[in-house]
Amino acid sequence: MHKLSRIAWLYIGAVVAAAVIVLAAGPDTGLDWAQIGVLSLLLVACESSATLVNGRGLAWSANTMASLAAVVLCGPVGAAIVSCGTLLGVRRGPTLPQRLFNSGMYVLSAYLAGRTYLAFGEHVGTPGPTSFPGLIGPFAAAAVVHVAVNFMLLHAVFWLTRDPSAAVGRDGLDFKLWVTDLGYGAFGILIAALWSVLGPFTPVLVLIPVLVARWAVAQFAAQQRAYEATVSALCQAVETKDFYTRGHSERVSRGAVMIATEIGMRPERVGAIRYAGMLHDVGKLGVPTSVLQKRSSLTDDEYAAVQLHPMRGLDIVREIGFLDEALAGIMHHHERIDGRGYPMGLAGDEIPEFARVLAVADAFDAMTSDRSYRGARPVPEAITELRKWAGKQFDPSFVDAFVTAIERDGWTAPEPAPAEDPLRTIESL
Amino acid sequence: MASRWYEPRGFPRPALDSGQWLLVAFTALLVIWSVAQTAVSGVRDVHAALAFGALIAFGELLRLNLPGDREAAPIATAGAMAYALLLRIGNAPARPTAAQVIAVTAIAMMIGALPHLAVGRPARSTAMSARLLAVACMAAAFRPLANAGLIGGRWWSELPVMLGLVVVAWLLESAVTALIRTDQLRTRFVVALGDELRVQFAIAAAAGASALLIAFAAEVMGLAAVAVFAAPLLVTQVALRRYAGIRATYLQTVRALARVPEIGGYVEAGHSARVSRLSVAIGRELGMPEAALLELEYAALMHDIGQLSLRDPVPGGATVLVAREEQRRIAEYGAEVIQQARVLGTVADIVRRQSDPCRPVDRSPPPPLSSRIIRAANAYDDLVGSLEDAARATEAVERLRLDTASEYDPQVVDALSRLVLPANG
């Protein structure tokens, strides 16, 4: 992490100071300390099961649930005290200034939410059967205020501590996260509502489905990482057949993602095109090694064998359920805009979008890496070449998007190919 | 004929057999009795019955497919259990009879299953029966006591009974499901029960907690609690669905990519799929738990990936005909490839040791059971190929048996012969 600016320090200091003032000045008469203790424990449990959202250390937790329950049950000051539990979360990651800021932020959000709840004329205390549905409106207002204050304080700190040298991009502070936060905040009313029946056992029961959900989300993330690693390892195994193309899939995948992001594709589709890029040449396995590594020009028969590879690739990945759009991309990545490509000779918009994206990234990587019949070309030359063929071989808008992305973020060309042949024959094993 | 009925997960299920018939028939009788009983005595508190019925039907509509070809409907389960455990709605006591709880649950489950049938997804009657039986058991234990006013008062006296019943329901549903799976998959009951308890634990915990929340909240919020307190479970369900989805995609992808050596002409077509199917069947026969079976399946699918490092394919792809040292190097290379995925460390290990004899000549430790299974299944498939011929199968098993002194694990070969040879042979 880079050094914080003076303004950032001042801001963090101000937030923490405001929180301390709220805690010190608030009237603490009539507070049920046992209740505050139980809710604090709940908040510590939520804070401890926080999950990281982006690379800049933004983590998300279900704290709002405990804070808002405290707003109803203990009032603004009680909720502020409960929110101090943020400081005690058992998790690795946040430094002391981060913890202090987070706690200050939650204390202020909870306090202001509590004030809103009172301003709407609700009473603090355990709700009974007569409290519903009248309590729902003020609670919703309090929840919105809580999430909004949280959102603004956090955005400000991210803005003040941003790394000016880093590329401009979204840093994960997206709107969806705050809707999720509001959703979890709604659990607060459930805890408050049940307090009169189940007492301090309420948070335990509410916490169980939440924890199971967090567990499933974590499992999902772990499986996804495993999945990516496995696909990438298997693709590398495929590439050992043609040592000139080592790393090709990985780079085509990266290029395709750059184009897709540049033209504003939805995240799910960007994910799918990443896999399509990794798997686009899987069908090359069906092409004899001797043809792939041939240094002279190919005969008609050999060329026909090479032209079959997109269909072979399709044969292999067809059974992977989620890849519908990626399948079309893999099958058609050698079509040309002017209709002179293979395997089907589609032209213009007939070619699926994924295939047009892959074609650009594929050709670019082929030009900038060594081949058996020629050496690698420098990036500017390859860009000129892409531009030259835009409209004939490539979709011009994707060429433009790719060039923009490369000029902004750069491109890492592969190392020169090794001299010796890593393939083994049975005898020489 | 040598029978190849060792169906892997995800393949068409065989028709119901006797154990499953018994379960479904018993459940059907129970449902008929409860509906009749309720019709005769009249429905108590129609509003509550309709509210809970709606939640159960909704939950059944949203049922989940879980890893390992399982089915769950956490929202429906929570709704049904909450109805079984209901004590008060607002200030009025709730007194549905056990028969009414069973009848409402059964009818709602059927209504929820209708849209699935309409789009051509068959109803899994055994899974539905298991879910219904768990709820029925709970209602039969709790309703008579609650309706007689023996349970009630404060939460600390009610809660332990309810928690206990939730645990019993989890045990019962797992046991019934395990019994069915023992029948279906030729696994051992104890192993199946362990797997089931593990898989169902998280869902049972979430559904059970939600059931208690709904039952208690009805006291404060009335029937609105039914909708409000199902919300946390909806979040859980979305997360579980995504998890199950990626698990399925993962397996599909490994299955698809395992065919790469076949397309490259290194291995006979269908070899990896057959070896993995046979390996999993042997593993199950030997009582391996599900997590180990999954690793075995991955390893068996990818056991020939190392052949990609060869310039020229082994003739016919049959590694059994190649010298030991070469087999070992192919295995080693395959393990290297898999190792790159880092998460599959155990799988890489299994692949690495697949060509080691089961009793090593030097002092090295014997290969893991999964490696021994893949070794035998691979050799068998190399000898028999895709032909289903009793004479060839017998011959191949005999040949493996001759080598059980050092090469193949006799236990594994026994299991294999039970699977591929006719029962009387």
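Q: Which residues touch the most other members in the largest nonpolar core?
A: In this predicted model, the largest nonpolar core holds 145 residues, and the ones that touch the most other members are Leu194(A), Met81(B), Ile214(B) and Ala217(B).

Q: And which helix gives the largest share of this core?
A: That is helix H7 of chain B, spanning residues 189-221, which contributes 19 residues to the core.

Q: Let's stay with Ile214(B) for a moment; what is it in contact with, leaving aside neighbours within four places in sequence?
A: With those neighbours set aside, Ile214(B) is in contact with Ala78(B) and Ala82(B), and also with Ala225(B), Val226(B), Phe229(B) and Ala230(B).

Q: What other core lies apart from the largest one?
A: Another core, of 102 residues, lies apart from it, and its members include Leu285(A), Ile320(A) and Phe364(A) from chain A as well as Ile338(B) from chain B.

Q: OK, on to the two chains: how many residues are in contact between them?
A: On the chain B side there are 57 residues, and these are in contact with 55 residues of chain A.

Q: Which helices of chain B supply at least two residues of that side?
A: They are helix H6 (155-185), H7, helix H9 (231-257), helix H10 (260-263) and helix H13 (324-339). The largest share of the side of chain B that touches chain A comes from H9(B), with 19 residues.

Q: What is that side like by class?
A: The side of chain B that touches chain A has 37 nonpolar residues, together with 10 polar and 10 charged ones.

Q: Switching topic, how is each chain divided into domains?
A: Chain A is divided into domain 1, made of 6-162 + 171-218, and domain 2, covering 240-409, while in chain B domain 1 is 18-249 and domain 2 is 262-420.

Q: How far apart do the domain centres lie?
A: The C-alpha centres of domain 1 and domain 2 lie 49 Å apart in chain A, and in chain B the corresponding centres lie 43 Å apart. The contact between the two domains of chain B takes 8 residues from domain 1 and 5 residues from domain 2, and on the domain 1 side the largest share, 3 residues, comes from H7(B).

Methods
Residues numbered from 1 in each chain as written. Chains lettered and ligands numbered in written order. Predicted model: local features only at pLDDT ≥ 70, side-chain atom pairs only at ≥ 80, totals over all residues. Core = buried A, V, L, I, M, F, W, Y, C linked by C-beta atoms within 7 Å. Buried ≥ 20, exposed ≤ 12 C-beta atoms within 10 Å, placed from the backbone. Helix = DSSP H or I, 4+ residues; strand = E, 2+ residues; numbered from the N terminus. Contact = placed C-beta atoms within 7 Å. Nonpolar A, V, L, I, M, F, W, Y, C, P; charged D, E, K, R; others polar. Domains from an automatic or database assignment.
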